[in-house]
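Me: I would like to go through some of the labels attached to this model and ask, for each of them, what the label rests on.

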Amino acid sequence: MAACNVERLLAKAEEEEAEKLKSITVQKELDLDFDVGNLLACDKNRVESRDFREKKKEDFLRSLARDNAQLLINEIWKLPTERVEEAIVAKLPEPTTRLPREKPPPKPRPPTKWEQFAKLKGIQKKKKTNLVWDETAKEWKRRWGYKRANDDTKEWLIEVPENADPNEDQFSKRIKAKKERVAKNEFNRLRNIARAQKTKVPGVGLTPTAKQSKDELQRAVGVAKTSTASVGRFQDRLPKEKHAKTGKRRKFEPLIGDFSSEKQKQLELLKIMDAKKPKLDITKAVNKQMREEDREEAAAKHKKAAGKKGRKGNNTAGKGKGKKGGKAGGGKKRAKPGKR
């Protein structure tokens, strides 16, 4: 009895070991359709419903997926390979199956102003090499960027031009010119984006437009004044200049202090939320009703006065000059206000 159990255990262990070390050859009735470019394998073989019912579903599906993956890997290793950093890499061909996109393809980028001008004039872009010869260092360096060739910012001596001020700092002048070029390029980039999206050209202060409106000039003056260290507190104002509108400062309760007031506020808030009927401010409601009545009464008086003025004008235009001592309007004489 014990010998039978041992044999059964050994047979089970051999089956598990064979399951782990399955052969790379897989037999299928119909060959699979492969699209190695997309790492896709389509299995057209019929699934036997009896095998699917008798075996466990998870085991059956796992075995089927393992066999198909093994066939796909066999197809990949039939491709030309190469070694890249101690790893063997297979070169995949172009995919043949067209996969649907999740989103529509992006629209082509609209050309910039320079690209439109170059196309109009027939200017073709010439590709430049990244490395150039540096005469000072006697070596090849990058054309642009960090440690570039012929970098004039590393010079310790700058010759002062003849028409320049001898007391002017040429180093700071060169740095300032570079910052202006960078700012101009950034502004042109933003302007191209705004033109492509058909939106307003971004800018702060005085933007380079043909005519500046009054509001734009006031905003530019306000930005210039508040750009100081004191945020424009000590800047002089013109005689009739209006005070610039600034945002209100938000007030926050202290984090550490009297907790009783905070507790009272939270309790009041809970009481309002828990109440079935909304809390009504009687004074505020009465004042609102009185304002509405006054507004309606004033509108009625204005309408009545406009109607009387129109009738009076019609009567005056219809009648000519009366007899001696008579008036054009005719009728009874209106009494003064306050007398009956």
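**Labels and their grounds**

Reply: Glu86 is exposed, with a relative accessible area of 76%. Please keep in mind throughout that this is a predicted model.

Me: Why is Glu86 called exposed?

Reply: The word exposed is kept for a relative accessible area over 50%, and because Glu86 has 76%, it is called exposed. Glu86 is found in the loop between strand 3 (81–83) and strand 4 (88–90), and although it is not a glycine, it has a positive phi of about 60°.

Me: Leu39 also has a positive phi although it is not a glycine; why does Leu39 count as partly exposed?

Reply: The phi of Leu39 is about 55°, and its place is in the loop between strand 1 (33–35) and strand 2 (40–42). Partly exposed is what lies between buried, under 20%, and exposed, over 50%; the relative accessibility of Leu39 is 47%, so Leu39 counts as partly exposed.

Me: What makes the aromatic pair of Trp133 and Trp140 edge-to-face?

Reply: The angle between the planes of Trp133 and Trp140 is 70°, with 5.5 Å centre to centre, and since planes over 60 degrees apart count as edge-to-face, the pair formed by Trp133 and Trp140 is edge-to-face. Trp133 has a relative accessible area of 35% and is therefore partly exposed, while Trp140, with 57%, is exposed.

Me: Which residues gather in a patch of positive charge on the surface, and why is the charge called positive?

Reply: The patch gathers Lys284, Lys288, Arg291 and Arg295. Its charge is called positive because Lys and Arg count as positive. One of these residues, Lys288, is found in helix 8 (residues 282–318).

Technical notes:
Residues numbered from 1 in each chain as written. Predicted model: local features only at pLDDT ≥ 70, side-chain atom pairs only at ≥ 80, totals over all residues. Heavy atoms only, no water. Patch = residues over 30% accessible without salt bridge, like charges linked within 9 Å, V, L, I, M, F, W, Y side chains within 5 Å. Areas by Shrake-Rupley, 256 points an atom, 1.4 Å probe, with all protein chains shown as cover. Salt bridge = Lys/Arg side-chain N within 4 Å of Asp/Glu carboxyl O. Charge placed at Lys NZ, Arg CZ, Asp CG, Glu CD. Helix = DSSP H or I, 4+ residues; strand = E, 2+ residues; numbered from the N terminus. Buried < 20%, exposed > 50% of the residue type's maximum accessible area, 1.4 Å probe, protein only. Phe/Tyr/Trp six-rings, centres within 6.5 Å; stacked < 30°, edge-to-face > 60°.
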